[in-house]
Amino acid sequence: MGLLKRNPFGHILFIKKWLIRLFGVLTHRRYRGFNELHIEGSEIIKGLPDKNVLFISNHQTYFADVVAMFHVFNASLSGRVDNIKNVGYLWQPKMNIYYVAASETMKAGLLPRILAYVGAITVERTWRSGGKDVNEKREVNPNDTENIRIALEDGWVITFPQGTTKSFKPVRKGTAHIIKQHKPIVVPIVIDGFRRAFDKKGLRVKKKNILQSFIIKEPLVIDYDNETIEQIVEKVEYAIEQHASFLKVIPAEEIAEQERLNKLRKWQVDKEDTNQVK
């Protein structure tokens, strides 16, 4: 690899490779040490083509979800089945992995800007700004959709169709439009435990000894020409287990209790941090 060779977005691959190696080593214990990442279906990863693959997933933290995917994907491509033992799999990482992220998130500080270099496709959210929902929906920036097309033509793209870390929010139609227009192989991923293990940004370990799950499902069967946007949206919601019907499986009281416990855990962690400072 030439030292100045770049990807389609102008990022120098030599720098990107070393950033993946560095952050991979620094974060490995978050998924195999402080906490344990339970993986299922990693054999699917190795059978995928090198380009035009879209990974869709539910979302629990800003960065920990994506970092886990870089670990799992590269470990799977290195022949590890459902495990991320021995971080050496990141010595020669797959360089054409990208992820869709909100522009405002990736500009919020030096660390997010560095992480953006690893493979972020930044987009302007039309329904949210400054951490709050907006009443008047903004127009989609055509450069955003064009960048996703470029990334798919170059490699793999990770996206979180709900556009938020909150559970059971509706899937955005933009994802369905991307699927229908570019016809990628769509691979669903369902994660859990990240919200309990990390803070909202996914940068700080909030609680240890949490079992995190990472389930990779078979690619979706999609009739790109005949299925409507609404049908694809519904298919995505079921695939990432965020369809409203899943709420009927989990009693509302249990969800409310889980939210209460999450807030209590956060308060306890914050209190411990305050006591340590004192």
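1. Helix H5 (residues 110–119) lies across strands E3 (97–102) and E4, and its direction is about 140° to that of E3. Contact here means heavy atoms within 4.5 Å. Angles run from 0 to 180 degrees between N-to-C directions, with axes fitted to C-alpha atoms, for helices over the stretch in contact. Helices (H or I, at least four residues) and strands (E, at least two) are DSSP runs numbered from the N terminus.

2. The model is predicted: local features need pLDDT of at least 70, side-chain atom pairs count only at pLDDT 80 or more, and totals for chains, interfaces and linings use all residues. Residues are numbered from 1 along each chain as its sequence is written, and side-chain values use heavy atoms, with hydrogens and water left out.

3. An open sheet of 7 strands has the order E1-E9-E8-E2-E7-E3-E4, with mixed pairing. Strands E1 (36–40) and E4 (120–123) are at the edges with a single partner strand each, so one side of each has no neighbour in the sheet. From one strand to the next, the twist averages 25°.

4. Within the sheet, E8 (residues 185–192) and E9 (residues 211–216) pair in the antiparallel sense over 4 bridges; pairing requires at least two DSSP bridges between two strands. Aspartate 192 stands opposite serine 213 in E9.

5. The axes of helices H7 (residues 173–182) and H9 (residues 229–239) come within 9 Å and cross at roughly 110°. That makes H7 roughly perpendicular to H9, a term covering 65 to 115 degrees. Lys173, Ala176, His177, Ile179 and Lys180 of H7 meet Ile229, Glu230, Ile232, Val233 and Val236 of H9.

Notes: Parallel < 35°, antiparallel > 145°, perpendicular 65-115°, else oblique.
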